[in-house]
Amino acid sequence: MGATGITGHCLCGAVAFQSSASPDEADACHCSQCRRWSGHYWASVNVPLASFKVTKGEDRIGWFRSSDEVRRGFCRDCGSALIWQPDLHPGHSRIISISAGSLDAPTGVRLKKHIFAGDKGDYYEIADGLPQKVAY
Ligand SMILES: [Zn+2]
Ligand SMILES: [Zn+2]
């Protein structure tokens with residue numbers, strides 16, 4: 001959707017959401033947590049938390065606390081990995097990260113970089129020529 005925001009939903013359709021922001025970049029995270037959670041690597045877009053709204057199935061979102069400062073949201077019905085959210089406290093940016101794979105096309109998004117490339121799985125190579133950060 002580009003200039004007018006983005007929408008997305010889980011595999012079964014129980015959970016849907018939107019953001020009034022129009023992110024144009026996605027990151028692919030290769031850390032072991034994201035690989036286990038997503039099944040491969042986790043591609044996502046960051047949007048301001050204030051721009052994000054669950055439009056359907058808020059009660060169908062399950063939350064898993066993957067670290068002291070981050071929780072991850074998924075659909076309780078179909079298991080789709082949907083949201084990566086850092087806790088809000090002073091010094092943390094108020095963003096929420098949405099699965100790029102959940103977005104409705106046209107997304108207006110391009111994959112721009114790989115993060116935690118140093119932690120990638122041993123069963124694939126990153127060969128698309130995009131920048132690779134060892135960490136974030
Ligand atoms: Zn679902
Ligand atoms: Zn990660």
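Buried means under 20% relative accessible area, exposed over 50% and partly exposed in between, with a 1.4 Å probe and protein chains only. This is a predicted model, in which local features need pLDDT of at least 70, side-chain atom pairs count only at pLDDT 80 or more, and totals for chains, interfaces and linings use all residues. Residues are numbered from 1 along each chain as its sequence is written, chains are lettered from A and ligands numbered from 1 in the order in which they are written, and side-chain values use heavy atoms, with hydrogens and water left out.

**View 1. Aromatic pair of Tyr123 and Tyr124.** Tyr124 is buried, at a relative accessible area of 10%. Four aromatic pairs are found in the whole structure. Rings of Phe, Tyr and Trp (its six-membered ring) pair if their centres lie within 6.5 Å; planes under 30 degrees apart count as stacked, over 60 as edge-to-face and the rest as tilted. The ring centres of Tyr123 and Tyr124 are 4.7 Å apart with planes at 70°, so this pair is edge-to-face. Tyr41, Tyr123 and Tyr124 form one aromatic cluster.

**View 2. The zinc ion (ligand 2).** Cys29 (SG), Cys31 (SG) and Cys34 (SG) coordinate the zinc ion at 2.2 to 2.3 Å. Donors are N, O and S atoms within 2.8 Å of the metal (3.2 Å for Na, K and Ca); water is not among the atoms, so sites may look incomplete. The spacing of the donor residues in sequence is C-x1-C-x2-C. Cys29 and Cys31 are both buried.

**View 3. Trp42 and its partner Trp37.** Trp42 is buried, with a relative accessible area of 5%. Trp37 and Trp42 form a tilted pair, 4.9 Å centre to centre and 55° between the planes.
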